[in-house]
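Me: I want to learn how to read the packing of a protein model. Please take me through one.

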Amino acid sequence: MPFLEAAPPAAEGLLRTLLVERAHPLVRRVVTGQLRHGPTADIDDVVATVLVRLTRRLRELRADPGAGAIESFTGYVAKASYNACHEWFRQKAPRRAALAARLRYLARRGVVLRLEPTDDGQWWCRPATAPRSARGETARLAAAVDAELGTDGRSFDDLIEAVAERLGEVDAAPGDLDSIDRVPHPGPSQERRLDGEHTLRLLWPEIVALPENQRAALLLNLRGPGDLEAQLEALGLARPAELAALFHVSASEAEAFLRELPREDTWIARRLGVTRRQVINLRKAARARLARRLIRWAR
């Protein structure tokens, strides 16, 4: 409420306090816990995504207090963090995400398990008090849950992993999740995960200002064929000729070059004259720098 009611200069300082001192530690804790087997760069991305969304939501509330109150700031931040993690799982680990949805379905129907909220905002699984019967594929899943749940129960995340291994529905071995960086991302683009066109407008000058190799490592692995060029031009951020200059290709080469994006890290490494691991590190550094800029906007 002090943020919503303060005069503009004081409001910016209060916004920074809300984001940096109150929200960021909680977001980092939730995301790190949920994505504990994921690449560090992806954890940083998800944290930045939550902070961008939270910043926009708080500014919307200040502009229009009737837009919908936040009853519990901590609860709102935690929920936003979990939602962003779920998006990550749907994108990077679709089989795990699908399994989690099926387990929630079993819990809602009272088949095998029930879910109880914990003090830290997560879920604990216990055997259903009056288990309902199941048939077909649901019965197979229920049997796997029953075998892994135990009488004392276990956390929802642990149960997902245990059942996934039992049923052979594992996306990638925990230690190999960073291998996802070896291929272009098939799901929603990086800039969309940083909250769409509004954030892309804010980020684009910062992206252009990145060191050349960091910028290349980030942009060359972004989005599907043609999407990057089309969105940037539609937003008035960069024309094909400007993108050609960023990538150091001629205007005549630009169309084919942009159509073939995104590129694998091995291709980017050859183009930059570095190793694949260095490409991953360059992109990680670029994302970290952009995430820091997101925090500074709140000042």
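Me: What should I know about the source before I start?

Reply: This is a predicted model, where local features need pLDDT of at least 70, side-chain atom pairs count only at pLDDT 80 or more, and totals for chains, interfaces and linings use all residues. Residues are numbered from 1 along each chain as its sequence is written, and side-chain values use heavy atoms, with hydrogens and water left out.

Me: How many helices and strands does the protein chain have?

Reply: Helices (H or I, at least four residues) and strands (E, at least two) are DSSP runs, numbered from the N terminus. Here the protein chain has 15 helices and 3 strands.

Me: Which residues have the most contacts inside the largest nonpolar core?

Reply: A nonpolar core is a set of buried Ala, Val, Leu, Ile, Met, Phe, Trp, Tyr and Cys residues joined through side-chain atoms within 4.5 Å. The largest has 29 residues, and Val31, Leu35 and Leu58 have the most contacts inside it. H2 (8-34), H3 (40-63) and H4 (73-92) each supply at least two residues of this core. H2 gives the largest share, 9 residues. A second, separate core of 25 residues includes Ile207 and Phe257.

Me: What does Val31 touch, leaving aside its neighbours within four places in sequence?

Reply: Contact means heavy atoms within 4.5 Å. On that basis, Val31 is in contact with Ile43, Val46, Val47, Ser81 and Cys85.

Technical notes
Buried means under 20% relative accessible area, exposed over 50%, partly exposed in between (1.4 Å probe, protein chains only).
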